[in-house]
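Here's a quick briefing to read alongside the coordinates.

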Amino acid sequence: MHLNFDLRAKPGQEWFIGLGMEGSANKIAVGIVKQPLGDPSKSENRAVILSNVRDTYNAPPGQGFMPRDVARHHRNWVVRIVKRAIEEAQIEITDIDCICFTQGPGMGAPLQSVVIAARTLSMLWKVPLVGVNHCVGHIEMGREVTGADNPVVLYVSGGNTQVIAYSRQRYRIFGETLDIAVGNCLDRFARVLKIPNAPSPGYNIEQLAKRGSKFVELPYTVKGMDISMSGILEYIEEIARRGTEKVEDLCYSLQECLFAMLVEITERAMAHVNSNQALIVGGVGCNERLQEMMAIMARDRGGAVFATDERFCIDNGVMIAQAGLLEYRMGGATLVEDSVCSQKFRTDDVFVRWRE
């Protein structure tokens with residue numbers, strides 16, 4: 001179905017308002033953002049967050065979440081989450097300029113459940129759709145919240161691990177995981193330890209690691225600008241099954257090893273592009289130890305590290321609304337027939353038309 005929309009500002013309009021819907025993993029989230037009509041790159045024209053609502057599906061301890069269960073959770077909650085977001089934003093449906101949705105990457109069934117809801121609202125409210133790359137959403141939200149100018153980005157989450165730098169209207173990937181993501185590595189180790197999944201396995205590992213003191217030697221797998229974590233996971237899982245080391249020491253050692261690898265490839269990318277700024281985004285970016293290690297590296301280079309708290313580093317609808325609004329303001333919209341989600345939507349596939 002082809003719908004035609006007017007993408008221009010209405011007479012007397014002072015703000016663009018976008019509703020963002022995120023559901024690529026175990027969180028269903030809706031956020032509403034408004035951006036002033038002026039140049040969004042100017043500090044005086046910062047976006048205003050009107051609402052940021054989400055609900056998380058957590059599997060029982062020792063288990064991961066299945067796509068069908070997550071999709072069912074999202075379908076059950078999406079209407080309630082949309083209503084809450086609009087109520088908290090104190091806006092009318094007629095105020096919304098575009099509906100932004102995560103088009104990928106992510107888990108197929110959860111992505112599909114949210115895109116169906118976004119299409120339905122678009123046709124019901126006669127508001128244009130804007131498909132958003134999940135990774136780009138994290139980056140743009142991080143840049144907006146922290147004020148980082150042109151940083152090297154360390155994107156670390158349950159499904160993605162990438163070192164990224166911007167060049168010529170693309171977010172270029174300098175290095176990434178060759179197998180599993182760092183968040184997935186932590187989650188899978190949490191299952192072996194039967195650590196609860198609420199509020200998140202990585203957070204619970206972080207708290208245990210704070211009580212650890214003995215470093216257990218683990219493989220360190222950096223290959224140029226890329227890293228590999230599946231072998232490290234298998235190695236530490238075997239140690240955990242033997243029961244020869246304290247759980248706290250294993251959590252501490254795993255964090256230290258993985259984060260040292262991430263810091264190394266981030267610093268190499270910063271040296272390559274001659275940058276002294278690093279921005280951490282993604283759910284694992286909330287980890288205080290990772291932020292501390294990155295800050296030490298950045299200070300040694302005479303620079304600074306930027307990070308956000310759990311409101312914005314964990315998957316949220318605000319980041320989708322922010323990136324989607326930037327695309328919408330450049331004249332971009334997604335036809336309903338083109339709103340097909342993809343599990344393998346790479347960061348560097350996106351043409352970043354809103355940056356010079």
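Across the interface of domain 1 and domain 2, the rule finds 12 residue pairs in polar contact, both residues at pLDDT 80 or more. A polar contact here is a pair of N or O atoms within 3.5 Å; within protein, one must be able to donate a hydrogen and the other to accept it, and residues adjacent in sequence count only if both atoms are side-chain atoms. Keep in mind that this is a predicted model: local features need pLDDT of at least 70, side-chain atom pairs count only at pLDDT 80 or more, and totals for chains, interfaces and linings use all residues. Residues are numbered from 1 along each chain as its sequence is written, and side-chain values use heavy atoms, with hydrogens and water left out.

- Strand S3 (48–56) and helix H3 (134–146) each supply at least two residues of the side of domain 1 that touches domain 2; helices (H or I, at least four residues) and strands (E, at least two) are DSSP runs, numbered from the N terminus.
- H3 gives the largest share of that side, six residues.
- By type, the residues on that side split into nine nonpolar, nine polar and five charged (Ala, Val, Leu, Ile, Met, Phe, Trp, Tyr, Cys and Pro count as nonpolar, Asp, Glu, Lys and Arg as charged, and the others, Gly among them, as polar).

**How the domains meet**

- Domain 1 covers 15–140 + 314–349 and domain 2 covers 150–312, with bounds that come from an automatic or database domain assignment.
- The C-alpha centres of the two domains sit 26 Å apart.
- In contact terms (heavy atoms within 4.5 Å), 23 residues of domain 1 touch 24 residues of domain 2.
- Together the domains bury about 2,000 Å², with 53% of it on carbon and sulfur atoms; buried area is the accessible area (1.4 Å probe) that two parts lose on being put together, summed over both.
- His138, Ile139 and Ile314 supply 28% of the area that domain 1 buries against domain 2, more than any other three residues.

**Salt bridges**

- The structure holds 14 salt bridges, each being a side-chain nitrogen of Lys or Arg within 4 Å of a carboxyl oxygen of Asp or Glu.
- Glu176 and Arg346 pair up through their side chains at 3.2 Å, N to O.
- Lys210 and Glu288 form another salt bridge, at 3.4 Å, N to O.
- That pair links distant parts of the chain, 78 residues apart: Lys210 is in the loop between H5 and strand S9 (222–223), and Glu288 is in helix H8 (residues 288–300).
- Glu256 and Arg289 meet at 2.7 Å, N to O.
- Since Glu256 lies in helix H7 (residues 247–273) and Arg289 in helix H8, the pair ties together parts that are 33 residues apart in sequence.

- Most residues other than glycine have a negative phi, and most peptide bonds are trans.
- The Gly104 to Pro105 bond is cis, with omega near -10°, and Pro105 is in the loop between strand S4 (98–104) and helix H2 (108–125).
- The Ala198 to Pro199 bond is cis too, with omega near -5°; Pro199 is in the loop between helix H4 (182–192) and helix H5 (201–209).
- Lys126 has a positive phi of about 55° without being a glycine, in the loop between H2 and strand S5 (129–133).

**Overall build**

- The chain has 10 helices and 12 strands.
- Its C-alpha trace spans about 70 × 45 × 30 Å along the principal axes.
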